[in-house]
Amino acid sequence: MSGDEDARWLEWVTKQFESIAGEDKEIDLDEFKTALKVKESFFAERFFALFDSDGSSSISLDELLGALDLLIHGSETDKLRFLFQVYDVDGSGSIDPGELRTVLKSCLRESAISLSEEKLDDLTLALFESADRDASGAITFEELKAELEDFPEVMENLTISAANWLKPPEAEQKKPRTPRYLTRAYWHNNSRKLLFLCGYACLSLALFAGAVLQHRHASVCYMLAKGCGQCLNFNCTFVMVLMLRRCLTWLRATWVLRVLPLDQNILLHQIVGYAILGFTLVHTTAHVFNFAQLSERSGFGLWEYLLTTRPGIGWVKGTASVTGVVLQVVICLMGICSSTFVRRGGHFEVFYWSHLSYVWVWSLLMVHCANFWKWFVVPGLVFLLEKIIGVAVSRMGGLHIVEVNLLPSKVTHLVIRRPQFFHFKPGDYVYVNIPAIAKYEWHPFTISSAPEQSDSLWLHIRSMGQWTNRLYEYFRQQSPAAPASGTAARRRSAEATEDYLPWPRRHGAVASNEDRAVELTMYRHGDSRAGGPARSPPDDPGTAERGEAPAPTEVSAKLGENRRFCDIKCYVDGPYGTPTRQIFASEHAVLIGAGIGITPFASILQSIMYRYRLRKQNCPNCKYSWCENIKDSEMKLRKVDFIWINRDQKSFEWFVSLLTKLEMDQADEEPEGRFLEMHMYMTSALCKNDMKAIGLQMALDLLAKKEKRDSITGLRTRTQPGRPEWAKVFRKISQENKGKVHVFYCGSPALAKVIKAQCEHFGFNFYKENF
């Protein structure tokens with residue numbers, strides 16, 4: 001820190017100490033835990049003991065500042081000595097295996113990482129063997145110092161960790177900068193949307209001005225009401241055009257996509273919706289003032305103008321005022337129920353049912369305004385045709401849910417028998433209706449299986465609202481049932497599933513029951529291989545050579561824990577296109593999924609690797625495989641980076657087996673590096689810049705190198721703790737020079753803003769899933 005920052009930090013820490021310490025001007029252990037926000041009492045007690053230099057069982061301000069000053073401004077030896085003392089629990093001057101295991105166990109709890117006792121022993125052994133260089137059975141300070149030289153970032157992390165313990169709020173440290181909306185990069189990357197909005201605003205202004213000029217001899221209130229009314233005629237029709245999903249899906253495959261912002265139709269739909277709400281309020285208010293003026297010159301009161309048909313205003317038996325009041329109430333309710341806190345607050349059904357009021361809005365507008373039908377007739381017919389086609393398609397094929405898998409974090413994995421006529425692109429979504437859950441409700445979900453998977457359709461649904469919770473509970477309460485096809489089909493299903501176990505599991509790696517269940521789930525309907533059947537298993541010459549057969553009895557026992565075979569009627573409307581349809585036209589694609597936001601990328605990754613295998617070349621002599629660096633009409637991709645961010649460890653179990661299979665497909669290193677790179681982040685785990693996590697992260701790194709797989713997910717890719725540093729991530733991607741970078745994101749809106757800002761800074765194209 002600079003001198004000014006140091007002084008400011010010192011002043012802030014002093015104030016915080018005084019607020020925590022109270023009247024006695026001392027901090028005890030409980031107050032110390034609160035101040036450091038430490039979950040594990042082990043670390044709180046160790047830090048407290050080291051900070052309490054006089055052994056008084058309390059920390060004074062001088063002791064606190066002295067210890068923090070040592071960690072921030074002290075020498076490397078001073079900082080390492082402090083870390084060594086944290087690990088040397090008994091103060092003997094050396095760290096034995098028991099002490100190291102105790103520290104690592106506390107690190108795991110602090111990072112919310114759950115590993116078996118055997119895995120904890122492996123971590124302890126890996127770190128201890130690496131650090132105990134003289135094989136004396138204990139780690140001395142000099143040995144720890146030598147070990148940390150292999151991890152150069154540790155010294156920096158010790159300083160950062162100390163500075164982060166007590167620091168001023170982030171808001172106070174922010175430097176003023178130019179708003180992103182005023183930057184050149186923002187205007188360049190959002191040119192289509194901004195031009196479209198400018199055209200929309202100009203058209204609305206022209207319609208408003210035309211209506212005002214047409215009634216220029218009337219009062220100001222009347223002209224204002226007529227101007228807003230003309231804009232409402234246009235907007236109440238245009239808001240429907242933006243939701244013609246089938247037409248927009250078709251247009252995405254044409255040149256129109258390069259001109260109009262079709263991928264942002266939901267955002268534009270919301271903007272037009274707010275415009276309708278605004279125009280309606282102004283229109284109604286202007287008419288109220290106009291009626292007030294009329295009531296002074298006529299024999300009717302204001303309430304008669306507003307709530308009765310006596311004045312005879314309107315082209316259908318004087319109902320303009322009454323229908324206008326009803327329209328105002330309905331539109332306001334739709335606006336409120338469409339707000340984010342309702343849709344994403346567990347009340348999606350409120351939004352869903354209130355939004356169906358658009359039928360009443362259009363019907364009332366026909367009665368309210370004499371000219372509305374002229375605007376509505378053509379788009380209305382197209383909308384009606386789409387609905388008829390949707391109903392027809394959804395009722396064809398006799399779709400049934402044939403299998404349900406209940407995954408961690410209340411995720412329901414549905415396997416639907418796929419009809420032959422159903423064709424979709426990677427990343428597409430469908431509307432699903434399950435009469436057993438709710439007879440009249442349709443909900444949109446991304447297809448998580450690949451188009452090349454011809455026999456089934458996958459949906460992964462996280463329980464976040466009333467309908468999704470009912471879905472999960474419905475299947476959780478059902479007892480395991482046999483499929484309709486009988487025992488033979490069940491046996492074939494079990495055998496096929498066993499073939500899809502990932503390579504580490506089929507070669508003796510230990511996995512928990514929960515891990516097995518997830519593995520079996522994800523590979524029950526694996527993607528097709530080039531030139532082979534849709535469910536051919538991954539290549540594993542060892543199994544074939546050994547002549548081993550699967551163990552149906554064990555599989556069946558494990559499947560019963562979280563799998564349900566069933567035969568439940570469902571209806572599917574779609575598919576509908578999303579921005580991710582452009583992924584195969586990209587050269588360097590970056591896929592970012594947050595939590596269950598991985599679902600569109602599950603389909604995309606499988607499809608990408610299917611096409612990647614089609615380009616695989618094999619040497620006839622040495623059997624070496626490589627991928628031709630060519631561009632073709634099917635896939636222009638030269639590089640794919642997949643980033644998956646999860647809060648906890650269990651969330652990785654949704655698709656970890658699929659990712660294992662994708663890693664197996666790239667077993668051979670390509671001459672120009674891996675075609676698909678994976679980056680996993682676990683946000684609940686302590687970052688490497690936290691002193692409480694340094695030993696654990698070192699142990700995880702060492703064990704990953706030794707076992708060639710990550711201890712948290714079982715993948716070859718090492719899971720990174722904390723959140724990505726987006727500036728560093730995108731800078732590295734930019735330096736790879738694999739072509740124009742397109743970033744595809746699915747997840748929380750808050751994170752989308754952060755990633756979009758970084759994309760604008762680096763000049764990347766940004767696409768966000770919206771529906």
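Is serine 57 buried or exposed? Serine 57 is exposed, because its relative accessible area is 53% and the cut-off for that label is over 50%. Keep in mind as you look around that this is a predicted model.

**Backbone details**

You can find asparagine 737 in the loop between helix H31 (726–736) and strand S14 (741–746). With a relative accessible area of 60%, asparagine 737 is exposed.

One more backbone detail deserves a visit: glycine 574 and proline 575 are joined by a cis peptide bond, with omega at about 5°. Proline 575 belongs to strand S7 (residues 571–576).

Now turn to glutamate 23, which lies in the loop between helix H1 (3–21) and helix H2 (29–36). Glutamate 23 counts as exposed, at 82% relative accessibility. On the surface, Glu23 gathers with Asp24, Asp28 and Asp30 in a patch of negative charge.

Glutamate 441 is found in a loop as well, the one between strand S3 (429–433) and strand S4 (443–446). Here the relative accessibility is 8%, so glutamate 441 counts as buried; the limit for that label is under 20%. The side chain of glutamate 441 has a partner: it makes a polar contact with the side chain of histidine 443, at 2.8 Å.

**Salt bridges**

How many salt bridges does the count come to? The count comes to 16 salt bridges.

| Residue | Partner | Closest N and O atoms |
|---|---|---|
| Lysine 105 | Glutamate 117 | 3.9 Å |
| Glutamate 473 | Lysine 410 | 3.9 Å |
| Glutamate 725 | Lysine 728 | 3.2 Å |

Take the pair of lysine 105 and glutamate 117, which form a salt bridge. Lysine 105 is in helix H6 (residues 97–110) and glutamate 117 in helix H7 (residues 117–131), so the pair links distant parts of the chain, 12 residues apart. Lysine 105 counts as partly exposed at 28% relative accessibility, and glutamate 117 is partly exposed with a relative accessible area of 39%.

The next pair is glutamate 473 with lysine 410, also a salt bridge. Glutamate 473 lies in helix H22 (residues 466–476), while lysine 410 is in the loop between strand S1 (400–407) and strand S2 (411–417), so the pair ties together parts that are 63 residues apart in sequence. At 24% relative accessibility, glutamate 473 counts as partly exposed; lysine 410 is partly exposed too, with a relative accessible area of 33%.

Lysine 728 has a relative accessible area of 52%, which makes lysine 728 exposed, since the label needs a value over 50%.

Finally, salt bridges can be followed through a group of residues: Lys639, Asp641, Glu677, Lys732 and Glu736 are linked in a network.

Technical notes:
Residues numbered from 1 in each chain as written. Predicted model: local features only at pLDDT ≥ 70, side-chain atom pairs only at ≥ 80, totals over all residues. Heavy atoms only, no water. Patch = residues over 30% accessible without salt bridge, like charges linked within 9 Å, V, L, I, M, F, W, Y side chains within 5 Å. Areas by Shrake-Rupley, 256 points an atom, 1.4 Å probe, with all protein chains shown as cover. Salt bridge = Lys/Arg side-chain N within 4 Å of Asp/Glu carboxyl O. Lys, Arg positive; Asp, Glu negative; His and termini not counted. Charge placed at Lys NZ, Arg CZ, Asp CG, Glu CD. Helix = DSSP H or I, 4+ residues; strand = E, 2+ residues; numbered from the N terminus. Buried < 20%, exposed > 50% of the residue type's maximum accessible area, 1.4 Å probe, protein only. Polar contact = N/O pair within 3.5 Å; in protein donor to acceptor, adjacent residues only side chain to side chain.
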